[in-house]
Amino acid sequence: MSEIDQARLEQFVGQAVGDMAAAISGLLLHIGDRLGLYQAMAGAGPLTPEELAERTGTAPRYIREWLSNQAAGGYVVYRPDDGTFELPAEHAAVVADENSPVFLGGAFEAIASCYSDHDRLVDAVVTGAGVGWDQHDERLFSGVHRLFRPGYAAHLATEWIPALDGVDEKLRSGASVADVGCGLGAATMILAEAYPHSTFVGYDYHQPSTETARKAAAEAGLERRVRFETESATEFPGTGFDLICLFDCLHDMGDPLGAARHIRRALASDGTVLLVEPFAGDGLAENLNPVSRAYYGFSTVICTPASLAQPVGLGLGAQAGEARLTEILTEAGFTRVRRAAETPFNLILEARP
């Protein structure tokens with residue numbers, strides 16, 4: 001047995017205790033999100049636990065304990081002189097404002113869903129079996145939607161589409177667009193609202209998601225230009241699309257190469273593919289940072305199991321990196337692949353035949 005470095009041991013214990021605090025606090029963040037506690041605090045100034053409880057229809061004793069956790073974690077500011085708590089505006093952008101591009105309430109909802117699935121995930125790790133998207137707690141679907149939608153709203157029509165060669169002009173004049181792996185349809189409808197002369201179809205193999213997306217499109221008054229169909233990425237119908245989009249989903253597919261080949265056939269000869277994936281370097285050594293740590297976590301319990309549950313089951317993972325993604329697109333028949341844009345969380349590739 002190797003000799004223990006006491007200083008290193010103490011440092012790691014401190015790190016693990018910090019993660020322990022973060023883990024239980026993530027649950028409390030999810031509770032605060034579900035009960036509207038952050039929203040009630042946003043812009044309200046200093047509040048006592050009793051005042052926050054009255055605003056939200058909750059029990060003051062629980063709220064006092066919740067606020068104490070939030071203060072200890074630096075999420076809210078505690079004022080000992082009068083016993084009040086305040087949510088700073090900068091923090092409200094992250095936990096209270098669903099339209100903020102840095103809103104993370106959906107992420108904690110998705111994580112909470114995975115804790116509910118832990119028995120199935122433990123079995124999958126032992127047996128190597130997949131866990132299909134439809135096998136997860138339903139909070140995963142809404143959580144992922146709420147996680148990604150603000151970023152798409154902030155960047156998609158204003159930065160990512162304009163970064164593609166000639167695509168913005170096509171969409172403004174009227175183009176045919178497919179969103180493959182559309183989920184609840186957030187990106188599809190953001191594009192439809194930005195480009196009223198174009199038509200859109202979203203494909204996803206998860207029927208409850210496409211049904212929900214269809215209802216949302218109708219409520220938004222977009223049903224004449226937007227439709228959603230339950231189809232797989234390797235078999236969806238239609239050809240001649242001017243733009244085919246994949247938002248944070250290629251790595252979830254069992255057969256990403258097969259999907260890319262099918263997309264290549266469905267694309268117009270002068271069409272474009274917009275591929276948005278989690279940002280990552282090409283090797284683990286480049287990804288040893290907090291963002292990649294989160295993405296590897298999601299990949300372990302959501303993305304890789306989803307891929308392994310489908311035919312082929314490649315298990316690409318959420319941190320595949322630009323070189324691997326480019327390799328897949330090139331092998332599928334795309335001759336021009338380039339990085340069009342990036343954010344701290346997203347890598348945006350443009351692919352053409």
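The model is predicted, so to speak of local features a pLDDT of at least 70 is needed, side-chain atom pairs count only at pLDDT 80 or more, and totals for chains, interfaces and linings use all residues. Numbering starts from 1 along each chain as its sequence is written, and side-chain values use heavy atoms, with hydrogens and water left out.

The structure holds two cavities of 30 Å³ or more; a cavity is a set of points on a 1 Å grid over the protein atoms alone where a 1.4 Å probe fits but cannot get out, and lining residues have an atom within 4 Å of a point. Around it you will find Leu 246, Leu 250, Ala 260, Ile 263, Val 273, Leu 275 and Leu 329. That lining has seven nonpolar residues, with no polar and no charged ones. Helix 12 (256-266) and strand 7 (267-278) each supply at least two of its residues.

The second largest cavity has about 30 Å³ of space. Its lining includes Glu 277, Glu 322 and Gly 321, and by class it has six nonpolar, one polar and two charged residues.

Now turn to strand 4 (residues 199-204), where Asp 204 sits. Asp 204 is buried yet has no salt bridge, and the nearest side chain of opposite charge, Arg 214, is 11 Å away. Here buried means under 20% relative accessible area (1.4 Å probe, protein chains only), and a salt bridge is a side-chain nitrogen of Lys or Arg within 4 Å of a carboxyl oxygen of Asp or Glu. A polar atom of the Asp 204 side chain does lie 3.4 Å from the backbone nitrogen of Cys 182.

Technical notes: 1 Å grid on protein atoms, 1.4 Å probe; cavity = no way out; pocket = protein on both sides within 12 Å on 5 of 7 lines; lining within 4 Å. Points joined across faces, edges and corners; volume = space filled by probe spheres on them. Helix = DSSP H or I, 4+ residues; strand = E, 2+ residues; numbered from the N terminus. Nonpolar A, V, L, I, M, F, W, Y, C, P; charged D, E, K, R; others polar. Buried < 20%, exposed > 50% of the residue type's maximum accessible area, 1.4 Å probe, protein only. Lys, Arg positive; Asp, Glu negative; His and termini not counted. Polar contact = N/O pair within 3.5 Å; in protein donor to acceptor, adjacent residues only side chain to side chain.
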